[in-house]
Amino acid sequence: MAYKSIIGRDEEIKKLDKILKSPKSEFVAIYGRRRVGKSFLVEEVYKGKIAFRAIGSYIKDKDAKSYRQTQLAHFYDSLLDSGMPDDTPHPTSWREAFRLLKKCLEKVQTRRRVVFLDELPWLAGPQSSEMITELGFFWNSWADRQRNIVLIVCGSATSWMLDNVIRDYGGLHGRLTGIIRLLPFTLKECEMFFKRQGFHLSRYEIAVAYMAFGGIPYYLDRIDREKNLSENIDDIFFKDERINQEFKDVYTGLYATSERYVDIVKALGTKFYGMTRNELAEAVGIELGGSFSKILDNLHESGIIREYPRYGKERVETVYQLKDFFSMFYLHFIYNKGTNAGNWRSIQRTPTFYAWAGNTFEILCIEHLMQMKDKLRIATISRNYCWRGATANGSTCQIDLVLEWKGERTDYICEMKFSEHEFTIDKKYEKELGNKIESFVNSKQHTKTHSIQLVMVTTNGITANTHAGDVNQQIILDDLFS
């Protein structure tokens, strides 16, 4: 079924449609970064079919008892909105709340009864064991046996969703019938969004917007089509004092105890190419161990960071890199700058702009790895990694992305370069490329039976000159929109 109000999300829509047509009860968890559009997706796909919807509210600085009372009161209001009699007594526990929900649903005479618990981590609160226990009992003792209940639980607090729902070993263990991890828009989906909104942005401008906001629908929806992109970036990042709170809210919304997470994000924001576990632990003053691993895992699951292997030393290093575009932009241009942040129009086309764009474009490309694979006609990427080694004269060189295709015995060395116009390879850079290839070919990581393909990934292609002869293939920005 087509949903004109939804951009992209084809696989997620197929899954939700299939769940609605299922002959049995379904229990689905949806999680993802704050502002990515989880609630909107459910509400649009199941429009007119939701029998009960409750949403948790984030409440700061309340003791556990009053927090619980507030959430129960909101749950009670939702029951009233769903047709429960006004004289029904207020629930004083989650057991009573779910008993009332059961009675409310028993009166619904539709083929499928959809229950949507939005922002479940906030609904459950700081002492969440009671609520989760009763949710599990509600599902196991009644909802699952009805054969026509669709229970959707949704949350931005990724660590909580993973610990209490998706990887739970209590009453919910093994009960989920579906999991949806909602990711940001791709470049293609951003282009579709802008066209739907009546924008006429070039793909170059869409790429710049992506590198500032990421593919996050909430931020894209704030862009004013009566202003150009520079004015919009100024309005949202440089002129709006709420931007500092928005950065904090991203992590408050994702994690129950956000301070350590923010410390790690800020540390990674100072090192574009990322840090190893030891480097990161030392930078934020945290001990290596299970808690640290859990934080990194949660950040990875939220789509805030990525981890990638870096070869070149005796042992492979695992490197953690910040990849949330909104956070990267904020930390680079806004954080701790105050009145010295300036404005975007004065930054554009300066060395500061091109340094930022050059680095961020690399992550944009890596986030569209499948589009790169298709352009290169690679059937299967056996592995992708970063390589750092030494040249013949002893200097250090780095290849930011190596794509290995074992099936065709080929290693693709990818160089990503951002430029407003065609990128020109000069004599100096030609020599640098040659040194990289030579060093990699002579390294332990290169399989001697593999051939090498030098790939230039640029915004607008490369200039045809005498120094570009070693380039085997090109990928341009248009290819990333496929």
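Me: Over how many bridges do E1 and strand E5 pair?
Reply: In this predicted model, strand E5 covers residues 178-181 and pairs with E1 in the parallel sense. Within this pairing, isoleucine 30 has isoleucine 180 as its bridge partner in E5. The number of bridges between E1 and E5 is 4.

Me: Which residue in E4 is the bridge partner of isoleucine 30?
Reply: E1 is also joined to strand E4, residues 149-155, by 6 bridges, and these two strands run parallel. Along this pairing, valine 28 has isoleucine 152 as its bridge partner in E4. For isoleucine 30, the bridge partner in E4 is cysteine 154.

Me: What is the order of the strands in the open sheet of 5 strands?
Reply: E1 pairs with E4 over 6 bridges and with E5 over 4 bridges, and the pairing in the sheet is parallel. The open sheet has the order E2-E3-E4-E1-E5. Its edge strands, each of which pairs on one side only, are strand E2 (50-55) and E5. Neighbouring strands of this sheet are turned against each other, direction ignored, by an average of 15°, and the order asked for is E2-E3-E4-E1-E5.

Me: Are the residues on both faces of E1 buried or exposed?
Reply: In a regular strand, side chains alternate between the two faces of the sheet. On one side of E1 lie Glu26, Val28 and Ile30, and on the other lie Phe27, Ala29 and Tyr31. Because 6 of the 6 residues of E1 are buried, the strand is largely enclosed by the rest of the structure. The residues named on both faces of E1 are all buried.

Me: At about what angle to E2 does helix H3 run?
Reply: Helix H3, residues 64-81, lies across E2 and strand E3 (113-118). E2 is one of the edge strands of the sheet, and the angle at which H3 runs to E2 is about 160°.

Me: Which element supplies the largest share of the lining of the largest cavity?
Reply: A search of the whole structure finds 1 cavity of 30 Å³ or more, and the largest cavity has a volume of about 60 Å³. Its lining comprises 6 nonpolar, 2 polar and 3 charged residues, including Arg306, Glu362 and Asp400. Strand E7 (305-311), helix H18 (351-366) and strand E10 (396-405) each supply at least two residues of that lining. The largest share, 3 residues, comes from H18.

Conventions. Residues are numbered from 1 along each chain as its sequence is written. This is a predicted model: local features need pLDDT of at least 70, side-chain atom pairs count only at pLDDT 80 or more; totals for chains, interfaces and linings use all residues. Side-chain values use heavy atoms; hydrogens and water are left out. On a 1 Å grid over the protein atoms alone, a cavity is a set of points where a 1.4 Å probe fits but cannot get out, and a pocket is an open set with protein on both sides within 12 Å along at least five of seven lines; lining residues have an atom within 4 Å of a point. Grid points are joined across faces, edges and corners, and a volume is the space filled by probe spheres set on the points. Ala, Val, Leu, Ile, Met, Phe, Trp, Tyr, Cys and Pro count as nonpolar, Asp, Glu, Lys and Arg as charged, and the others, Gly among them, as polar. Buried means under 20% relative accessible area, exposed over 50%, partly exposed in between (1.4 Å probe, protein chains only). Two strands pair if DSSP finds at least two bridges between them. Axes are lines fitted to C-alpha atoms, for helices over the stretch in contact, and angles run from 0 to 180 degrees between N-to-C directions. Contact means heavy atoms within 4.5 Å.
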